[in-house]
Each structure stands twice: as C-alpha cells, then as structure tokens.
Amino acid sequence: MKGDNLNRNKEISLFDYFAIFNKYKRLILLIVITSVFLALLYNQFTPKKYFAKGTFFLPLEVNSSASSVVGYARFLGASLPSDLDDYVKFLIESKRIKSYVIKDFYPYFFPGSSSIKKENLIFIGSKLDLGVVKLTQDKTGVFEIFYENEDPVIAYEVVMKYIDNIMVLNKELEITAQKKIISVLDSPVIAEASYKPKKLINII
C-alpha cells in the first residue's frame with residue numbers, strides 16, 4: 001500500500017516537473033541560447049594565450065656551495081636569501097633579470113636600431129609584462145618556470161632567456177664557483193595551440 005502511494009507521488013512529481021518545463025520552455029530555451037551565444041562571443045573576441053614552461057634543478061655540486069652564497073648575502077648587508085634554492089627564486093623575481101630579458105628583446109621589437117632608448121625599453125616591458133612569470137618548486141627540488149603571452153614565440157623566448165640569464169647573473173655576481181648553476185630537465189617548446197580561452201568549458 002505504501003509502495004503504491006510512493007509510486008503515485010513520484011508520478012505526480014514527474015508530471016509536475018514536465019508541466020513546469022512546458023510552461024517555461026520558451027524562457028528556458030532563450031536562456032540556453034543566450035548563454036551559448038555569449039560564450040561563443042567570448043571565445044571569438046578574447047585574446048588567445050599561449051604558454052611555455054621549462055624545468056630545471058640545482059646540481060649537487062652547486063648545492064654544496066650554498067654556504068658561500070650565505071656569506072655573500074651577509075657581506076652585502078642585505079636581507080637576501082640564505083638558501084641557494086631561495087636565491088634562485090630571488091634572482092627570478094629580481095628587477096635585474098627582468099631588465100636583462102627586456103634588453104634581450106630589443107632587436108625583436110626594434111630591429112635595426114643602433115642605440116637603446118629608455119622609452120623603447122619601457123615599451124618592451126609593457127608588452128612582455130614579466131610580472132606574470134611564475135616559478136614553482138616541487139618536493140624533489142625541481143623548479144618550473146612558466147610564462148604566458150599572446151605570441152607563442154615570445155612565450156618560448158621569455159622562458160629561454162630567463163634560464164639563460166640565471167647563468168649570466170651567476171657568473172656576474174659570482175654566486176657559486178660553478179659556471180653551470182642549473183641543469184635543465186625540459187627546455188621550453190613553442191606552443192602549437194592556445195590554452196586560453198578554453199572554448200568547450202566556456203560553452204558548457
């Protein structure tokens with residue numbers, strides 16, 4: 001008896017749902033069509049983003065010289081990192097490496113220019129927006145540097161130049177005795193397809 005009442009209630013509930021849907025089907029259909037249309041517009045006019053990433057680690061012989069880095073930091077009298085891993089992060093976030101990367105891009109944005117102008121460097125910096133460069137480190141000590149741009153070639157070149165300039169700064173500042181402060185696990189590659197916007201997700 002109770003089972004019959006339960007089935008009857010289910011039938012009534014389903015009937016009610018279909019009645020509501022039938023009553024508002026035009027509104028529901030309009031909302032769905034509008035949502036899909038807006039998603040398509042977003043995908044069409046949102047600039048595509050390409051990313052590049054590279055992974056590297058500090059060789060054992062470099063880690064063994066970490067104590068010299070500590071002494072160097074104390075000698076400077078600044079609140080610099082006392083750990084070599086932190087020092088690499090410090091270099092990546094420094095204004096100095098950003099300025100090196102920007103200068104490396106000067107021939108790309110101003111080919112044939114015989115002199116470097118300050119206003120041009122500012123322009124390059126605004127185009128590259130190096131503030132979006134990200135550096136992470138996993139539990140095994142492997143670093144991953146990540147950067148995104150509307151141009152896949154620029155995205156690739158920025159990551160490459162960051163990795164190259166870590167070695168340049170190591171040599172200039174004499175952070176470690178070893179010339180090769182990092183070993184590259186995976187070099188960046190030029191992306192063949194954008195990763196933003198994600199069209200399917202936006203439509204769903």
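Analyst: Contact here means heavy atoms within 4.5 Å. The model is predicted, with local features needing pLDDT of at least 70, side-chain atom pairs counting only at pLDDT 80 or more, and totals for chains, interfaces and linings using all residues. Residues are numbered from 1 along each chain as its sequence is written, and side-chain values use heavy atoms, leaving out hydrogens and water.

User: Okay, so what is tyrosine 100 in contact with, leaving aside its neighbours within four places in sequence?

Analyst: Asn165, Val168, Leu169 and Glu172. With Glu172 there's also a side-chain to side-chain polar contact at 2.6 Å; that term is for a pair of N or O atoms within 3.5 Å, where within protein one must be able to donate a hydrogen and the other to accept it, and residues adjacent in sequence count only if both atoms are side-chain atoms.

User: Is tyrosine 100 buried or exposed?

Analyst: Buried means under 20% relative accessible area, exposed over 50%, partly exposed in between (1.4 Å probe, protein chains only). Tyrosine 100 has 18% relative accessibility, so it counts as buried.

User: And how do I read the packing of α6 and α9?

Analyst: Two packed helices are described by the angle between their axes and the distance between the axes. Helices are DSSP runs (H or I, at least four residues), numbered from the N terminus. Tyrosine 100 sits in α6, residues 95-104. α6 packs with α9 (residues 152-173) at about 120°, axes 10 Å apart. They are therefore oblique, the class left after under 35 degrees (roughly parallel), over 145 (roughly antiparallel) and 65 to 115 (roughly perpendicular).

Technical notes: Helix = DSSP H or I, 4+ residues; strand = E, 2+ residues; numbered from the N terminus. Axes fitted to C-alpha atoms, helices over the stretch in contact; angles between N-to-C directions.
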